Amino acid sequence: MDSPNTNPTAEDESQLVSRRIQRLSLHLTPIPNSFIRDHHQLQLLTCARVKLSVNTALLSDFLRGKHRGIQEKVYEYFKSRPDLQTPVEISKDEHRELCMRQLLGLVREAGIRPFRYIVEDPSKYFAIAEAAGSVDMSLGIKLGVQYSLWGGSVLNLGTKKHKDKYYDVIDNLEYPGCFAMTELHHGSNVQGLQTVATFDPITDEFIINTPNDGAIKWWIGNAAVHGKFATVFARLLLPTHDIKGVSDMGVHAFIVPIRDLKTHQTLPGVEIHDCGHKVGLNGVDNGALRFHSVRIPRDNLLNRFGDVSRDGKYTSNLPSINKRFAATLGELVGGRVALAYSSVSVLKVSITIAIRYSLLRQQFGPPKQPEISILDYQSHQHKLMPMLASTYAFHFATLHLVQMYSEMKKSHDDQLVGDVHSLSAGLKAYVTSYTAKSLSTCREACGGHGYAAVNRFGSLRNDHDIFQTFEGDNTVLLQQVAADLLKQYREKFQGGTLAVTWNYLRESMNTYLSQPNPVTARWEGEEHLRDPKFQLDAFRYRTSRLLQSVAVRLRKHSKTLGSFGAWNRCLNHLLTLAESHIESVILAKFIEAVQSCPEETRVTLKLVCDLYALDRIWNDIGTYRIVDYVAPNKAKAIHKLTEYLSFQLRNVAGELVDAFNLPDHVTRAPIAMQSEAYSQYTQHVGF
């Protein structure tokens with residue numbers, strides 16, 4: 001038989017030619033010096049296939065940052081109070097009362113006061129909310145309703161008189177409150193709200209009315225049982241002397257008492273009903289509110305962006321209804337930031353349970369040899385390893401969002417406000433949708449034992465499911481991102497300034513408008529595929545291609561269908577564009593994290609980042625193949641390397657979830673216990 005070295009196959013010859021072309025191209029088109037400087041550390045990382053080790057403590061410190069202490073305080077408090085831990089089986093009414101006791105205990109006994117950090121240090125507030133949600137997701141949401149929504153609306157939409165009157169009693173939970181925006185007929189379309197607040201100049205009061213059933217405030221957290229006040233969003237109507245009789249000044253926010261402070265009885269004119277048992281989050285008492293000519297003092301208008309004088313004159317620093325509406329909603333963006341951040345926390349708990357169990361569980365094996373861990377099967381690695389990589393990617397992306405939000409609250413910079421608004425919409429939509437799908441995958445990865453309620457996938461999935469539609473429906477939020485991209489696209493060609501998150505479009509669009517390089521399209525070496533420049537360029541090329549093509553389609557269809565019809569005709573294209581952009585941002589932040597992490601953790605974190613990037617490219621390989629951005633041989637190499645990186649990650653998967661530092665009393669799933677998991681599981685059922 002001839003040696004393969006003396007008679008190379010056609011495939012071998014093709015690879016040799018490809019490598020020679022690659023080397024030649026490097027001489028012809030060298031890597032820019034600026035890139036070498038920026039990515040020097042990453043380029044020096046070895047791609048050698050060696051067994052990894054993880055400094056879990058160091059990685060955990062890097063992940064959890066400066067607010068680790070306050071989270072530990074939350075965990076330790078609930079560990080010390082088993083009576084406040086949520087049992088597996090609990091009725092709706094019992095869960096609601098327990099959830100209120102949990103919140104009261106956290107604030108009054110543990111001395112953790114989240115409200116003060118809403119403005120002072122938002123990142124600390126989000127850390128507290130994340131820890132509370134890990135204890136019980138209903139607790140995290142109830143905390144958010146009280147402090148971020150009800151309290152946040154008073155702080156952000158009100159003025160000094162409101163803060164002076166309400167701050168302390170919101171902080172200490174003396175005044176539990178609600179955020180009454182959503183109506184039966186209107187959720188995402190806030191400008192379409194129908195509840196009205198008519199000014200009565202004779203009594204110097206606003207009269208709050210629900211004009212029809214469609215205007216009933218619906219899904220209002222804290223309303224069914226505990227709330228004493230509500231921030232009610234209503235159309236402000238001022239009397240006029242013309243034929244109309246009133247002038248509609250648009251949607252404003254009003255503080256409306258709904259229950260007596262002493263007796264807790266519903267106040268006259270206020271009608272409250274319970275929204276009942278939900279799919280999840282049954283510790284939160286959602287209710288419906290109807291108002292029958294409820295009178296409130298003029299001072300109860302949250303008047304930061306618009307005010308009414310004693311004689312009924314309206315004043316505002318903002319010239320139009322649309323600008324006032326945008327400013328109002330802009331101040332409420334913290335809810336989306338919190339949901340994106342909290343969704344990553346849910347994903348961390350879920351992937352931790354799934355991976356710990358998959359390392360423990362053994363099934364089948366080679367003949368006459370011990371059974372192997374189910375995480376040793378390639379199919380299981382395919383399910384869980386890219387998900388683990390995504391969890392890390394989302395952690396750094398949402399941490400960046402929190403930092404941007406904190407800076408925005410300090411600087412009030414208009415450009416940063418717009419950037420945070422769009423990025424929070426995109427990350428909230430993208431991350432919560434991904435987590436929702438992943439919860440089912442994790443449940444399936446744990447087989448029958450994942451179906452046991454005690455192992456938490458059911459409650460996690462049910463509680464998290466609403467994250468996809470509250471604080472903005474995900475499909476609507478992605479359209480906001482797409483609209484902003486198109487706006488930035490127009491700015492680019494008009495020579496305007498691009499917002500921070502979109503800066504890459506300027507260079508990336510220029511690259512897109514030229515043809516893909518036929519030489520680099522065939523490069524398949526591991527060093528090239530793991531180069532962050534290749535990965536980020538590929539993500540951004542795809543976004544730019546989608547942006548360019550949808551802009552052309554919209555322009556074409558607008559001529560016959562009008563702007564609304566054209567948008568609807570291109571809607572799926574627009575949603576794909578938004579998701580592609582958000583993935584580009586996520587990868588960019590992950591690469592930055594790899595650059596800034598402790599040196600001892602960099603090789604491992606780079607591996608996780610590479611898997612995230614290449615798995616995403618492979619999942620959308622058709623897009624790259626259509627335009628010859630990636631040749632067939634390169635696509636095959638990407639697939640093979642993705643599988644190998646998943647295998648590599650499996651070897652350190654346990655250490656990587658340990659770095660999330662979620663103790664057993666937080667994960668609370670017997671199959672994920674770090675010692676004697678099966679024993680604890682059997683004890684739970686009575687053995």
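In the predicted model, N222 lies in the loop that connects β4 (217–220) with β5 (229–239). N222 is not a glycine, yet its phi is positive, at about 80 degrees. Most residues other than glycine have a negative phi. The relative accessibility of N222 is 3%, so the residue counts as buried, the cut-off being under 20%.

A positive phi of about 60 degrees is also found at D628, again a residue that is not a glycine. D628 is placed in the loop between α22 (621–626) and α23 (632–650). With a relative accessibility of 48%, D628 counts as partly exposed.

The chain as a whole contains 26 helices and 11 strands. Of its 687 residues, 55% are buried. Among contacts with a separation of 6 or more, 74% are between residues 24 or more positions apart.

Helix α12 (residues 334–360) consists of 27 residues and spans 39 Å from its first C-alpha to its last, close to the 39 Å expected at 1.5 Å a residue. Because 25 of the 27 residues of α12 are buried, the helix is largely enclosed by the rest of the structure. One of the elements that α12 meets is helix α15 (residues 457–465); the two axes come within 11 Å and cross at roughly 160 degrees. Angles over 145 degrees count as roughly antiparallel, and α12 and α15 are therefore roughly antiparallel to each other. The crossing of α12 past α15 is left-handed. On the α12 side, the contact involves S343, V346, V349, S350, I353 and A354, and on the α15 side F457, L460 and H464. By class, this contact of α12 with α15 comprises six nonpolar and three polar residues, with no charged residues.

I353 of α12, which takes part in the contact with α15, is also touched by T667. T667 is located in helix α25 (residues 664–667). Leaving aside residues up to four places away in sequence, T667 touches T352, I353, R356, R456 and L662. The relative accessible area of T667 is 0%, so T667 is buried.

The loop between α12 and α13 (378–411) holds Q362. Q362 has a relative accessible area of 42% and is partly exposed. The C-alpha atoms of Q362 and I374 are separated by 5.6 Å, although the two residues are 12 residues apart along the chain. Q362 touches E371, I372 and S373 when residues up to four places away in sequence are not counted.

A further helix pair is formed by α19 (residues 532–569) and α21 (residues 599–619), which pack at an angle of about 35 degrees with their axes 10 Å apart. The crossing of α19 past α21 is left-handed. From α19, the residues in contact are P532, F534, Q535, A538 and F539, and from α21 they are K606, D610, Y612, A613, L614, R616 and I617. The residues of the contact of α19 with α21 divide into eight nonpolar, one polar and three charged.

Technical notes. Residues numbered from 1 in each chain as written. Predicted model: local features only at pLDDT ≥ 70, side-chain atom pairs only at ≥ 80, totals over all residues. Heavy atoms only, no water. Axes fitted to C-alpha atoms, helices over the stretch in contact; angles between N-to-C directions. Helix = DSSP H or I, 4+ residues; strand = E, 2+ residues; numbered from the N terminus. Parallel < 35°, antiparallel > 145°, perpendicular 65-115°, else oblique. Left-handed = near helix turned anticlockwise from the far one by under 90°. Contact = heavy atoms within 4.5 Å. Nonpolar A, V, L, I, M, F, W, Y, C, P; charged D, E, K, R; others polar. Expected span 1.5 Å × (residues − 1). Buried < 20%, exposed > 50% of the residue type's maximum accessible area, 1.4 Å probe, protein only.
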